[in-house]
Amino acid sequence: MVDGMAADGIAGASRAALETSVASLYEAHYMSLARLALQLVGDPETAEDVVQDVFTALQRRGDPAVLDDPRRYLNTAVVNRSRSALRRRRVARAFRADRAAAVEAADATSLRAAEHARVLRALDRLPRRQREVLVLRYFRDLSVTEIAAVLGISASAVSTSLSRGLKTLPTHLGRNS
Amino acid sequence: MTTDYTDADVEDLLRDAMNERADAFRPHRHSERSYRAIVHRSGAKRYWNVVSAVAAVAAVAVGAVALVGTHQPDASIQPAAPSETTSPALTTTATTRAPETVEPLPGGDIVTPLADPVTVSGSGTQTVHLGVPPEGTDGIDVHLTCLTVGYFEFSDGAAMECRAADIGTRTASGIYRLPATAETRDTTITAAPGQRWRITATYIKATVTEWGVNDRGQTYGVQNASGTPDLVAAMATNGEEGYVFATELTGPQPANPSEAATFQPTARTIPVYESDGVTQIGVFTVSG
């Protein structure tokens, strides 16, 4: 940390702090955010694009010190940009789904792996909000309140989506066989 | 059968499946290159971003960055040993990149590097010779990395303290700007004997841009040496970028010492506006 700065050094010091904080946020959160994005968008390349876009915006802003809750902001930003990425890349995503199915067929060497693949595909088929809530709850381990803050919806709406998602997802899983 | 799954089953499956997918995920862009890519993509090609990239590489690279640039360090200062790691990407960035500028937020700095950066490692108190500053130099951007635990002081009294947990992590690095004039030739790092450090110093010229002024005569932008604009740049909780009123950021303050004794600041939500100060685009939570 930098301290002992003279008053006339405030501008430089605060700037330096801001610069460092963006880099620090990147270092601290990139991996976990990329994995969060992966759950939302379904493929590594897009996930990394999403997170890099988030940090691009943050870098452009260059003022992360005014983020009152960086972790929540980053979660929200990744969710929002994941939505945009899915909208933009619907066609590409459909292609990936085909490819994923093929990969699964080749790699599903165990029932468990096959089941996981089905779960992930089922997750992708859920309505957007249900998918986001399930990912934030069961992958990010956020509480209902925290999810509400990230998505900008009420806690009751989160609970409803959570419940519906858990009920709906099995309908997309198909039979166990 | 779909009816075979209880909520608990689904929860377990989801956790397992998502964790498995995450565990198999190896982001290939999580490196100093990716950070530089972000800098490029953002268009924020100011020098400080290059320095941030230096910070990024410092956190992941083993060893130090070797002497970079054309300036020669003082003989008493030992540059990083040849055996230490030098990142080709970083060297390229630091030595061949043309000075670039971009429109900052109103009130922000436009920083232009005027010379190649000088990177040296030292121990204890030492003076680092930077050479003759190019015409127009008004500052030195110094990126300091603690190589050991210690208290490292810049020439103007600002300091950086590193504890054991910081060493080898991002928190062991800091960036600071020192004033410079045409007579500047060096800068001194003060530390106790045996406390080791590394700096990358660059002569720069910084130009502070003007705050914007909206139709209502309110200034907007970022805080700088001139003070605080009426509307301060902020990010809303929904990710939108806008401005909050500085007066609302401050919030209620105790009017006297007795009030101060019992004053309990609480978290508040304030509006985030476009630069017009009227069009609300989100909210910002001020911590209590």
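The model is predicted: local features need pLDDT of at least 70, side-chain atom pairs count only at pLDDT 80 or more, and totals for chains, interfaces and linings use all residues. Residues are numbered from 1 along each chain as its sequence is written, chains are lettered from A and ligands numbered from 1 in the order in which they are written, and side-chain values use heavy atoms, with hydrogens and water left out. Helices (H or I, at least four residues) and strands (E, at least two) are DSSP runs, numbered from the N terminus.

**The chains overall**

- Chain A follows the pattern β-α-α-α-α-α-α-α-α when read along the sequence.
- Of the 177 residues of chain A, 51% count as buried; buried means under 20% relative accessible area, exposed over 50%, and partly exposed in between (1.4 Å probe, protein chains only).
- In chain B, buried residues make up 48% of the 288 residues.
- Contact means heavy atoms within 4.5 Å. Among contacts in chain A between residues at least 6 apart in sequence, 69% join residues at least 24 apart.
- For chain B, 63% of the contacts between residues at least 6 apart in sequence join residues at least 24 apart.

- The axes of helix H6 (residues 128-138) and helix H8 (residues 155-173) of chain A come within 8 Å and cross at roughly 95°. That makes H6(A) roughly perpendicular to H8(A).
- Axes here are lines fitted to C-alpha atoms, for helices over the stretch in contact, and angles run from 0 to 180 degrees between N-to-C directions. Angles under 35 degrees count as roughly parallel, over 145 as roughly antiparallel, 65 to 115 as roughly perpendicular and the rest as oblique.
- On the H6(A) side, the residues that meet H8(A) are A:Arg129, A:Gln130, A:Val133, A:Leu134, A:Arg137 and A:Tyr138. Their partners in H8(A) include A:Val158, A:Leu162, A:Arg164 and A:Leu169.
- By class, the contact of H6(A) with H8(A) has eight nonpolar, four polar and three charged residues. Ala, Val, Leu, Ile, Met, Phe, Trp, Tyr, Cys and Pro count as nonpolar, Asp, Glu, Lys and Arg as charged, and the others, Gly among them, as polar.
- Eight of the eleven residues of H6(A) are buried, so this helix is largely enclosed by the rest of the structure. Among the buried residues are A:Arg131, A:Glu132 and A:Tyr138.
- Helix H7 (residues 144-151) of chain A and H8(A) have axes that come within 8 Å and cross at roughly 105°. H7(A) and H8(A) are therefore roughly perpendicular to each other.
- A:Val144, A:Ile147 and A:Ala148 in H7(A) meet A:Ala155, A:Val158, A:Ser159 and A:Leu162 in H8(A). The residues of this contact divide into six nonpolar, one polar and no charged.

**The disulfide of chain B**

- B:Cys146 and B:Cys162 form the disulfide, with their sulfur atoms 1.9 Å apart. The link is right-handed, with 65° about the S-S bond.
- B:Cys146 lies in strand E4 (residues 139-146) and B:Cys162 in strand E6 (residues 159-162) of chain B, so the pair ties together parts that are 16 residues apart in sequence.
- Both B:Cys146 and B:Cys162 are buried.

- Strand E5 (residues 150-153) of chain B runs antiparallel to E6(B) and is joined to it by four bridges; two strands pair if DSSP finds at least two bridges between them.
- B:Glu153 stands opposite B:Ala159 in E6(B). The hairpin of E5(B) and E6(B) has five residues between the strands, and B:Gly157 takes a positive phi near 100°.
- Six bridges join strand E14 (residues 268-273) of chain B to E15(B), and the two run antiparallel. B:Val272 stands opposite B:Gly282 in E15(B).
- E14(B) and E15(B) form a hairpin with six residues between them, and B:Gly277 in the turn has a positive phi of about 70°.
- Strand E15 (residues 280-286) of chain B is mostly covered, with five of its seven residues buried.

**A loop residue of chain B**

- B:Gln223 lies in the loop between strand E11 (219-221) and strand E12 (231-235) of chain B.
- Leaving aside neighbours within four places in sequence, B:Gln223 is in contact with B:Thr228 and B:Pro229.
- The C-alpha atoms of B:Gln223 and B:Pro106 are separated by 9.2 Å, and the two residues are 117 residues apart along the chain.

Key:
A disulfide is a pair of cysteine sulfur atoms within 2.5 Å.
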